[in-house]
Amino acid sequence: ALFYDSYSGTEITREDVKKHDKANTTFWCVNEIEPCNSTEGRRVDGSCNNLKHPSRGATHTPFVRLLPAVFDKNFEPRKSSSGNDLPLARYLRTRLISVGKVPSTIFTMLAVHYFVFMSADVLSLHDTVNYIQWKPYCCTEKGKTDHMCVPNKIPEDDPVHRFSGIRCLNMTRPESFQSIGCVKNNTVPDRIVSSTPLLDLSVIYGNLLPPLLQKARLFTGGLVKTEIEEGRIWPPSYKTQANVCFLNQRPKETRCHQMPEDGSNTLAGINLVAIWFWRYHNFIATELAKVNPCWEDDKLFETARDINIAVSLQIYYYELLPVFFGFDNMAEDGVIDRVGGFRDLYNETILPQLSLEYPFVLRWVHNIQDGTLKLHDEEGQYLRQFPIMNLTMRTGFLAVDNNIDYLTQGSFRQGSAKIDYIADPEVTERGLGPHQKVSDIVTNDLSKNRYFGFQPYVNYRQFCFNKRIKSFDDLHGIIDEERIEVLREMYERVEDIDLLAGIWTEKPMRGGFVPPTFYCLVIDQLKRNMYSDRHWYERPNRPNAFTFPQLAQIRKVTIARMLCDVGDTVKRIQPHAFLKAGFKNPIGDCKHIMSMDFSTWKDDSCGAGGGSFAHLFEQVVEKR
Ligand code: HEM
C-alpha cells in the first residue's frame with residue numbers, strides 16, 4: 001500500500017507515518033491506499049476515484065470552500081462590521097424562527113427521512129458525539145478552560161428559558177485538521193469528517209473496506225448478512241450490548257444494527273431508510289442471481305452495490321429534489337436530464353470533494369422536521385404517535401410491537417412540517433431528546449455557521465445571483481417585509497447578516513419551495529458530484545458502466561417501488577410517495593408501480609437456468 005497525507009493529498013513515506021503513529025494521529029491524518037487500477041469499480045473507501053490524486057474522495061480529506069473563510073482574531077467568529085459582537089445565536093433563532101406545529105399538505109415525512117439519509121452519507125457524528133458524550137460540561141466551570149467548548153448563551157428574556165432558569169446550551173467547535181493535529185494550529189481551521197465525500201451509500205457499505213468485509217458481506221450469492229425475526233428481515237445485530245443504541249428500553253428492546261457504520265443506529269429517519277437499502281441490496285443480488293446463475297459472489301455483490309448506489313442517486317436527483325426545487329429549475333441548471341439518457345460530465349481536474357457550504361445549508365431541513373412520528377396500520381388508520389427525538393440511538397424500538405410496519409406506513413402518510421418560518425418545538429427545545437437536558441438544534445445551526453467562518457449572507461447572494469445587496473432596502477422582493485424588519489432590528493448593517501439567517505428568512509424560489517440561496521449552494525454540490533465522481537452512475541464509459549437499457553431500468557425506480565419491494569407491509573402506496581396522497585397521487589396497488597427488469601443484466605455466457613442463491617432471500621419475502 002501507499003501512504004498519503006490526508007490533508008494535502010501528497011504521498012508520504014513510512015518514516016512520516018511512524019511520526020504520526022507516535023503522535024497517535026495516523027487514523028485521521030494518513031490514508032493508506034492500495035495502488036490504483038483504472039479498470040476497477042468504485043472502492044468503498046473512495047480512494048482512486050481520481051486517478052491522479054488517489055486519496056481524494058477518501059475519508060478524512062478536506063472540503064472546498066465556495067467563498068474564503070472570515071474569522072476574527074485566533075479564528076474566533078467574525079464580529080459585526082462595526083466591531084461589536086454579532087447577536088447571540090439563540091436570540092436570533094427565537095426572533096427569526098417561531099415555534100409551533102404546522103403540517104405540510106404537500107410533502108411527506110418520507111421526504112424528510114430521505115433527506116437526512118442522504119446527508120448522513122457524507123458526514124459523521126463526531127461533532128455531535130463530541131458534546132454529548134466527551135464534553136458534556138461546556139456549560140460548567142470546566143468548560144471555561146476547554147478551548148473546544150463554545151456553548152450558546154441563552155438570554156435572560158428567552159421566551160422559554162426565562163421560566164426554566166437555564167442560561168446555556170452545550171456545544172463544541174467543529175473538529176478540524178488543526179484540532180486533530182494533522183495541520184498546524186495557526187492556519188484557518190479546515191473541517192474533518194470520517195465519511196467519504198462521495199455519494200456512495202456510506203451508511204450501508206461504510207467508508208472502509210475491513211468493516212464491510214467483517215460486518216456486511218455474507219460471501220454467498222452477493223448478499224449482505226441478515227437476520228430474520230418474526231418474519232422480518234433485519235441487518236445483523238450486536239450480540240453483546242452495543243455502545244450506540246443507548247436508548248433501547250431494555251429488556252424489551254435489544255436490537256442494535258451491526259453494520260459497517262453506526263449511522264444506521266442514530267436518527268430514526270436514517271435508520272428506516274438504511275434498513276430499506278440494506279434489504280434492497282439483497283433484493284437486487286437475488287434478482288441478478290436469477291438471471292445470471294453462473295455469477296460468483298464477488299460479481300453479484302459488486303453489481304448489486306453499484307445498482308443500489310445508482311438507485312439511491314436516481315431517487316435523490318430525479319425524485320426527491322425536483323419536488324422541492326422544481327423539475328424545470330433543475331433541468332435548466334443542468335443537474336438533471338429531461339430525456340434520461342447517458343450523461344458524461346466527468347472532469348478529472350475537479351476533485352471529489354464536498355463544499356463546506358453543502359452539508360451546512362442542508363441543516364435548513366431541520367425547519368421542516370416534524371417532532372413526532374405518526375404510526376399507521378396497513379389500511380392507513382392512524383394508531384398513535386411518538387416523539388422522534390426519543391428514537392435517536394434506539395434501534396430496538398423498531399423491532400417491537402410491529403413498530404417498523406406502522407412507522408413505514410406512517411412515513412408516506414404523515415405530512416412533514418410545513419415550509420414556513422416555524423420550527424417544531426421538539427427540534428428547538430429538545431433536539432437531542434434524553435441525550436441532553438436542553439438542546440436547540442436550530443440555534444446550534446446558526447452558531448456553527450460562525451465557527452465554520454462563512455462569509456455574510458450578502459456575499460453568498462452575490463456569489464449565487466451576481467447582484468450586490470448594499471442596504472436592508474435591497475432585500476425587498478427577496479425577503480418578506482416583516483422579516484426584513486426583524487433583520488434590521490437584529491443586525492446593525494445588512495452585511496452583518498449570517499448566511500443561515502438569510503436562508504431562513506428568504507422567500508421561496510420561483511418554481512420551487514426552497515430558499516433560493518439554499519438551492520444555489522445545494523445545486524453547486526450536486527453538479528460537483530457529477531463532474532468529480534469518475535464512477536457516476538449516468539456515465540457510459542466508467543469501469544463496469546451500465547448499458548443503455550440497464551440505465552433505463554435504474555431510471556424506473558421510485559421510492560414507492562422500493563417500499564413495495566422491501567418495505568414492511570407495503571402493498572398499497574401513492575406513486576409519488578414523497579408527496580402526500582390525493583386526487584392526482586392516489587394510493588393504489590403496488591402492482592401498478594413500475595419496477596426494474598433485471599433481464600437487462602443477463603449475461604449470455606451463463607446460459608439459461610434458475611439462480612442458485614435466489615431462494616435465500618425470496619423464502620423470507622414470501623413469508624411476509
Ligand atoms: C429527528 C430529527 C433530527 C435530529 C434529532 C437532528 C439532530 C442534529 C444534530 C444534533 C445536529 C448537530 C448540530 C450541531 O452542529 O451541533 C445535526 C446536524 C445536521 N443535521 Fe440534523 N437532525 C434531525 C433531522 C435532520 C434532517 C431531516 C436533515 C435533513 C437534511 C438533517 C441534516 C443535518 C445536517 C446536514 C447536519 C450537519 C451535520 C454536520 O455538518 O456534521 N437533520 N442534526
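Let's start with the strands. E1, residues 2–5, runs antiparallel to E3, and 4 bridges join the two. Within that pairing, leucine 2 sits opposite isoleucine 33 of E3. Keep in mind that this is a predicted model.

Now the whole sheet. It is open, it has 3 strands, and the order is E2-E1-E3 with antiparallel pairing. Which strands stand at the edges? E2, residues 11–12, and E3, residues 30–33. Each has a single partner strand, so one side of each has no neighbour in the sheet.

On to the ligand. There are 24 residues around it, and the ones that come nearest are Phe115, Val116, Leu362, Val365 and Asn444. Which elements give two or more residues to this shell? Four helices: H4 at 109–120, H5 at 126–134, H14 at 357–362 and H17 at 441–451. H4 gives the largest share, 4 residues. By residue type, the shell splits into 13 nonpolar, 8 polar and 3 charged.

Last topic: histidine 366. An unreviewed UniProt entry places the feature "binding site" at His366. Where does histidine 366 lie? In the loop between H14 and strand E10, the latter at 372–376. Is histidine 366 buried or exposed? Buried, because it has 20 C-beta neighbours inside 10 Å, and the cut-off for buried is 20 or more.

What does histidine 366 touch, leaving aside neighbours within four places in sequence? Its contacts are Ala423, Val427, Ile441, Val442 and Asp445.

That's the tour.

Note on methods: Residues numbered from 1 in each chain as written. Predicted model: local features only at pLDDT ≥ 70, side-chain atom pairs only at ≥ 80, totals over all residues. Near = placed C-beta within 6 Å. Nonpolar A, V, L, I, M, F, W, Y, C, P; charged D, E, K, R; others polar. UniProt positions renumbered as here; feature names shortened; annotations may be inferred. Buried ≥ 20, exposed ≤ 12 C-beta atoms within 10 Å, placed from the backbone. Contact = placed C-beta atoms within 7 Å. Pairing = 2+ DSSP bridges.
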